[in-house]
Amino acid sequence: MNTAKVDVLLGLQWGDEGKGKVVDVLTPQYDVIARFQGGPNAGHTLEFEGEKYVLRSIPSGIFQGGKVNIIGNGVVLAPDLFMQEVKELEKSGHNLKDRLKISTKAHLIMPTHRLIDAAQEAKKGKNKVGTTGKGIGPTYTDKISRTGLRVGDILDNFKEKYEAHKAAHLDQLKALNYTDFDITEIEKTWLEGIEFMKNFQFVEGEYAVNNYLKEGKSVLCEGAQGTMLDVDFGSYPFVTSSNTICSGACSGLGIGPNKIGDVFGIMKAYCTRVGSGPFPTELFDEEGKKIRDLGHEYGAVTGRERRCGWIDLVALKYAIMINGVTKLIMMKSDVLDTFATIKACVAYNINGKITTELPYDLAKDVEPVYKEIKGWQTDLTQCTSEEQLPQAFLDYITFLEKELETPISIISVGPDRAQTITRKQ
């Protein structure tokens, strides 16, 4: 590991790839863990010592004592949900106040942002994007239109700023004919959250990260959601409102592109997606249901049923290319343990034309072209080293590495932190 660089960890599919667990496995090697984008719609599930934790806004390195955790400027933060999350973690004995720093330039999700989210989705009717309703899109909209409220504002004439923003939002809701609501209780908790946040260290995140690098400290940048949900390069408009790709780490933390070291790309051994939007390899049959049940594919935050399908190598190659991935990490390999045949999409058939490139509009007549691979039909959860992995599974790994032209360096064979195999490259 080059101590003068930051390594980046991000999802290569539609989110839910298992980033939380991987960050937790990788964090012992780093001094600083920094989250660079997204909001509390992300749910990173960590399981260890018989306990399950879901992190929404807090970086996944929080459980490693002595590590610095930074919430970067690219993140949007909901004070009430942040307070709830911290209190839950502190109940389980993790002291966060001396481990967590928050960028002054991170934007705040207001209670009225959630109402605008609901109003806009209701107006879209059948064309709705399927947001989590957490107010993330409207917060990023305010950021881009230069009318946002930021963490740094908490320390300077905050009440006046808040009331002005709230009044503007109420006018917006009136224009959307969305007036039947009462935010009294939510607002009360939200303002409590603002006071609670004052217990934490607010920092100029860009100086903090770059100074750590100057000191020779190792930094891991953590993304939320997945590459195919990136606002520029994902399956637009069914995307999130931020840059989930590697360049988002530069803009979401204030680091130069020449500071990027390894880029770890996380993928599942199959594919899932939550909410609306195109999904070429989606399965609507018993096999899809089997993957969902075996993989416990339900949203960590929302509990929503995830759509499941075979691995899509066209989309993965695209994700590897735009992120500059140097190492792949494959999650949930064990979910496919009982399948006699496994399929991988190696090309798309679009109106009779075979292509290995991602089209402009993924929603239009995209038919996956599959290659069938023999299943390993072995319980991988019991494997603790590469030597114990069955040959048929190793053949699947070799096939993927050849197709994706990138080494698979870590394999996850179960939900627990211990069920992780680092391969000898």
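Start with Phe 196, which, leaving aside its neighbours within four places in sequence, is in contact with Phe 82, Met 83, Val 86, Lys 87 and Lys 97. Contact here means heavy atoms within 4.5 Å. Phe 196 sits in helix H6, residues 184-197. Helices are DSSP runs of H or I with at least four residues, strands are runs of E with at least two, and both are numbered from the N terminus. Phe 196 has a relative accessibility of 11%, so it counts as buried. Buried is under 20% relative accessible area, exposed is over 50%, and partly exposed is in between, with a 1.4 Å probe and protein chains only. Phe 196 and Pro 79 are 117 residues apart in sequence, yet their C-alpha atoms are 8.0 Å apart in space.

On provenance, this is a predicted model, in which local features need pLDDT of at least 70 and side-chain atom pairs count only at pLDDT 80 or more, while totals for chains, interfaces and linings use all residues. Residues are numbered from 1 along each chain as its sequence is written, and side-chain values use heavy atoms, with hydrogens and water left out.

Next, the cores. A nonpolar core is a set of buried Ala, Val, Leu, Ile, Met, Phe, Trp, Tyr and Cys residues joined through side-chain atoms within 4.5 Å. Which residues touch the most other members of the largest one? They are Tyr 396 and Leu 400, out of 61 residues. Helix H11, residues 391-404, supplies the largest share of this core, eight residues. Leaving aside its neighbours within four places in sequence, Leu 400 is in contact with Met 267, Ile 311, Leu 313, Met 330, Glu 405 and Ile 408. Another core lies apart from it, with 29 residues, including Val 75, Ala 106, Met 110 and Met 197.

Now the cysteines. A search of the whole structure finds zero disulfides, a disulfide being a pair of cysteine sulfur atoms within 2.5 Å. For Cys 221, the nearest cysteine sulfur is that of Cys 246, 8.1 Å away. Cys 221 is buried, at 0% relative accessibility.

Helix H1, residues 19-26, is largely enclosed by the rest of the structure, because seven of its eight residues are buried. Those are Lys 19, Gly 20, Lys 21, Val 22, Val 23, Asp 24 and Leu 26.

On a 1 Å grid over the protein atoms alone, a cavity is a set of points where a 1.4 Å probe fits but cannot get out, and a pocket is an open set with protein on both sides within 12 Å along at least five of seven lines; lining residues have an atom within 4 Å of a point. Points are joined across faces, edges and corners, and volume is the space filled by probe spheres set on them. There is one cavity of 30 Å³ or more. The largest cavity holds about 40 Å³, and H1 gives the most to its lining, three residues.

Last, the second largest pocket has a volume of about 340 Å³. Of its 18 lining residues, Phe 233, Gly 234, Tyr 318, Pro 359 and Tyr 360 lie nearest its centre.
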